[in-house]
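Please study the structure shown below with its sequence. The paragraphs that follow treat its helices and its sheet in turn.

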Amino acid sequence: MQVLQMLLFHGEEGVPKDVLMDQLFGYEDGVTNPANNLKVTISNLRRILKQVGLEDTTVVFKAGSYHLVSSEEITVDAFQFHQQAELALAAQGEERVALLEAACDLYNGDFLPHLAGCDWAMVAAVHYKEEYAACVHALCEELRQRQDWQQMLRVSTQASGLSPQEDWDILRIQSLLVMQRYQEAKEVYEETANRMLDEFGVKPSDRLNECMRQLETVLPSSKASLEQLQEVLKEEDVSRGAYYCPFPSFIDT
């Protein structure tokens, strides 16, 4: 399956034999003949393609590379997203929002997550993720200017579900605040803060805390975080004198 996915991904240019051997067998101990193992793997792939009814689809070797050839039309969703994202990010005017929305809707999450340990898949995954992030930021900026908060909430919520990160949750909170859905905004804040602490061991950023401060002005709460209490109790000026020194020093004085 990995060979098939690599061949689909590289399209007409094919995949060099050495690259396939390195990706499939380069990290396995005890592989004494990777070239022969690759031949067996390709042979098995050809057989499986015929077994599932793809008689006119096979793998050929030419000019040092393997190619997937077929009489069927081959569509790769990752390429569709990439083309749509490039088109949308370069667009201007009225059509920009529609193109950005189409690009965001084509992204379905990390590229081949089960191959995250493979170099070729990891590089592609990072590239597509960055393109998606650029589309989400651009689209939300357009929607902010149009004051379409409901659509901005939909886009940022979808982004948070596909690729959880603070940026998308901040956009969610901002949308909910403007729509006066304060309790939902508070729940998003708490969910994000807990996730950051549990998964990464970090505190909420200043940007996220700023969202919470905005929320507190419209939704008073009897609870307060440790960071909020420290901010309130912090002295503006450092006081001098015996009564303001550490307790042992105070006794000495």
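Just after α6, Gln147 adopts a positive phi of about 60°.

The model is a predicted one, in which local features need pLDDT of at least 70 and side-chain atom pairs count only at pLDDT 80 or more, while totals for chains, interfaces and linings use all residues. Residues are numbered from 1 along each chain as its sequence is written, and side-chain values use heavy atoms, with hydrogens and water left out. Helices (H or I, at least four residues) and strands (E, at least two) are DSSP runs, numbered from the N terminus.

The sheet may be considered next. It is an open sheet of three strands in the order β1-β3-β2, with antiparallel pairing; two strands pair if DSSP finds at least two bridges between them. The edge strands, each pairing on one side only, are β1 (15-16) and β2 (57-62). Between β2 and strand β3 (residues 65-70) there are six bridges in the antiparallel sense. Thr58 has Val69 in β3 as its bridge partner, Val59 stands opposite Leu68, and Lys62 stands opposite Ser65. The hairpin of β2 and β3 has two residues between the strands, and Ala63 in this hairpin takes a positive phi near 55°.

Helix α1 lies across β1, β2 and β3, and runs at about 80° to β3. Helix α3 (residues 34-51) packs on the sheet by touching β2 and β3, and its direction makes about 150° with that of β2. Contact here means heavy atoms within 4.5 Å.

How are two packed helices described? The description uses the angle between their axes and the distance between the axes. Axes are lines fitted to C-alpha atoms, for helices over the stretch in contact, and angles run from 0 to 180 degrees between N-to-C directions. Angles under 35 degrees count as roughly parallel, over 145 as roughly antiparallel, 65 to 115 as roughly perpendicular and the rest as oblique. A crossing is left-handed if the near helix is turned anticlockwise from the far one by less than a right angle, and right-handed if clockwise.

Helix α1 (residues 2-10) and helix α2 (residues 17-25) pack at an angle of about 140°, their axes being 11 Å apart. The two helices α1 and α2 are therefore oblique to each other, and α1 passes α2 in a right-handed crossing. Gln2, Val3 and Met6 in α1 meet Val19, Leu20, Gln23 and Leu24 in α2. The residues of this contact comprise five nonpolar, two polar and no charged. In this count Ala, Val, Leu, Ile, Met, Phe, Trp, Tyr, Cys and Pro are nonpolar, Asp, Glu, Lys and Arg are charged, and the others, Gly among them, are polar.

The axes of helix α4 (residues 77-90) and α6 come within 10 Å and cross at roughly 40°; α4 and α6 are therefore oblique to each other. Their crossing is left-handed.

Finally, the axes of helix α8 (residues 166-178) and helix α9 (residues 182-200) come within 8 Å and cross at roughly 165°. Helices α8 and α9 are therefore roughly antiparallel to each other, and α8 passes α9 in a left-handed crossing. The residues of the contact of α8 with α9 divide into eight nonpolar, one polar and six charged.
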